[in-house]
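Welcome, and please take a moment to look over the sequence and the 3D view below. The short report that follows goes through a few places one by one.

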Amino acid sequence: MQKLQGIAVSPGVAIGEALVMDHEGFRIPRRFVARDAVEEELERLDGAIASVGQEIAGNRDAVARELGEKYGAIFEAHLQMLQDARLHGELEEMIRQRHYSPEYAVSHALRRYAQVFQRLESSYLAERANDIFDIEKRLLRHLLGRRREEISNLTSDVLVLAHNLTPSETTNLDRKFVQGFVTEVGGPGSHTAIVAEALEIPAVVGTGLFLTEVSGGDQVIIDGDNGLVILQPNEETLARYRHEVEEIRTLATRLQSLRDLPMETADGVRLQLLGNIEFPYEVDHCVDRGADGVGLYRTEFLYLGSETEPTEEVHYQAYSQVVRAMGDKPVTIRTFDLGADKVPHLPEPEDERNPFLGLRSIRLALRNLPLFRTQLRAALRASALGSVRIMFPLVSTLLEFRQAKMVLNDVMEDLEEHGIDFDHDLQIGMMVEVPAAVMMIDSFVEVVDFLSIGTNDLVQYTLAVDRSNKDVVELYNPADPAVLKLIVAAIQAADLNSVPIDLCGQMSGNPIYTMLLLGLGLRHFSVSPSAMPEIKDVCRHVTIEQCQAVANRVMSMENAQDIKRYLKEELKACVPELGE
Ligand code: PEP
Ligand code: MG
């Protein structure tokens, strides 16, 4: 049994068989081979080494011809490494004596060599580790001969263990069979994590490297509440987690009974519980949990889930499904927030060294007007079917908001000219997720119909900490006093000007922050459907006065860790079953 600590990004517990994807997206099969298959497996390895040898020699000759002998020598070095007798002996020993599969033996041995190089002081030598990874990739390609696409051809339940999953890869996971996932990299705010919540499966990211320790078919437990991954658990651990799965089920059933109760505090202050969705099917989850509307529809996943750019009709069908299901309740269509880690099949901007600070979101939209207009036309057409609000993401200047609104007005005029129906009074708002927007909030409240605080990005841009980087996870903290001050400023300015404001970052779906946010004056929560019952439960247990006392105490504290600890204690005191 082996335990790994990662970052908990989607709650719940999953117990099942591992499907292992390595760095290159190869699916690593079982670690062991049958005793009587050893000779056959050695032949397979020799075949792969011979083919890779030919491939590298071909590259060497071509490069030497085009660029000169000196450059060809790089490949000659690769060839020597590949044909090294010691390496071959090691691989053979692993297959013959330990019955490892050739794929597993190759990964295991070459990564060990690479690590030795990586530890060397000389940066030139350390970089040679990449040459070794290159050889590993080539060998695996020959041994496996099958690509990542296999992940979409599943026939039984699996837990996916991968080095990384991009948001579009996560979007394309087969919901029927993937029961949970773990990635070696990734941070708490990455969109991969957000998709896991949409799929309502437990997920852990940022565990660090471990894939060479595990092979396809091994039993694994994913504890999405505590960020734990347990490889090959013993009987006692299995029994404990099976019991936990039962308890989670019982709690979920109890929380389900809250569905039709009002979203209000114990002292009767009415609140609004909205849903965050990425895919149209999630609107059913919102309805099932008694949502008051959709506060954030991340429409960019329409682009990420498809090989081609979605047409106006594709947008319209998706939006109408959501709007119709919500009836007269509001549906907030956020225009596409592409770029940074959400990269579709569009021409990519060149040389984006800091994609989170680059051509992302509303900036990308204003540079790609035909793309933007197509989406706006569809959203406006869908507004004729119910109560649609349009929201612009990542607005950092007033000019940006005005420009986006001008494009929208232009599209409205177009529709009008063609006699196409839409809601002429639809509300137009923006996300507050860049500190500059808070600094200018007094001006923004004059021009918007509503605001939504996006703490996932606000934390990242306030504290200068990449939301998807596990190495700075300690700093990525919504409870940081600097972030809280910005939230307070936004809520106060909105209240003063009677502009509705909600909070749709992950923070509002985490019960430890509910009392604090209520105490700071927040009355509209937009959370993933799976978080709705818990958030409503907390609200119904507490009074505004209690929450204000908590907020006052927190605002006098200096340190995010202390604040988080205090909030956990308060939650435990008020709602013991959630505060565990
Ligand atoms: C946010 O930044 O808080 C947010 C809700 O937007 P996203 O997570 O899609 O960037
Ligand atoms: Mg954001």
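## A first contact with the ligand

Which atom of ligand 1 is 2.9 Å from an N or O atom in the side chain of D457? It is an oxygen atom of the ligand. Before going further, please keep in mind that this is a predicted model.

In R334, an N or O atom of the side chain is found 2.8 Å from an oxygen atom of ligand 1. With G454 the backbone takes part: one of its N or O atoms is 3.3 Å from a ligand oxygen. As for cover, ligand 1 on its own has 290 Å² of accessible area, and the protein covers 100% of it.

## Where the ligand sits and what surrounds it

If you are looking for ligand 1 in the 3D view, turn to the largest cavity, which is where the ligand sits. The largest share comes from α17, with three residues.

The ligand is surrounded by 17 residues, and the closest are R298, R334, G454, N456 and R467. By type, the shell divides into eight charged, five polar and four nonpolar residues.

## Helix α7 and the residue after it

Just after α7 comes E200, with a positive phi of about 55°, although E200 is not a glycine. This residue belongs to the loop between α7 and β7 (203–205). Is E200 buried, exposed or partly exposed? Its relative accessible area is 31%, so E200 counts as partly exposed.

## Another positive phi

Q232 is also a residue other than glycine with a positive phi, here near 45°. You can find Q232 in the loop that runs between β9 (228–231) and α8 (235–256). Its relative accessibility is 42%, and therefore Q232 counts as partly exposed.

## A buried loop residue and its partner

Next, follow the chain to the loop between β12 (330–334) and α12 (362–367), where D337 has its place. The side chain of D337 is joined to that of R360 by a polar contact of 3.1 Å.

## Apart in sequence, and in space

The last stop is helix α2 (residues 69–82), which holds H78. H78 counts as buried because its relative accessibility is 5%, under the 20% cut-off.

What is the distance in space between H78 and I132? From C-alpha to C-alpha they are 7.9 Å apart, while 54 residues separate them in sequence. Selecting both in the viewer is a friendly way to end the tour.

Conventions
Residues are numbered from 1 along each chain as its sequence is written. Chains are lettered from A and ligands numbered from 1 in the order in which they are written. This is a predicted model: local features need pLDDT of at least 70, side-chain atom pairs count only at pLDDT 80 or more; totals for chains, interfaces and linings use all residues. Side-chain values use heavy atoms; hydrogens and water are left out. A residue is near a molecule or strand if one of its heavy atoms lies within 4 Å of it. A polar contact is a pair of N or O atoms within 3.5 Å; within protein, one must be able to donate a hydrogen and the other to accept it, and residues adjacent in sequence count only if both atoms are side-chain atoms. Accessible areas come from the Shrake-Rupley method with a 1.4 Å probe; for residues, only the protein chains shown count as cover. On a 1 Å grid over the protein atoms alone, a cavity is a set of points where a 1.4 Å probe fits but cannot get out, and a pocket is an open set with protein on both sides within 12 Å along at least five of seven lines; lining residues have an atom within 4 Å of a point. A molecule sits in a cavity or pocket if more than half of its atoms lie within 2 Å of its grid points. Helices (H or I, at least four residues) and strands (E, at least two) are DSSP runs, numbered from the N terminus. Ala, Val, Leu, Ile, Met, Phe, Trp, Tyr, Cys and Pro count as nonpolar, Asp, Glu, Lys and Arg as charged, and the others, Gly among them, as polar. Buried means under 20% relative accessible area, exposed over 50%, partly exposed in between (1.4 Å probe, protein chains only).
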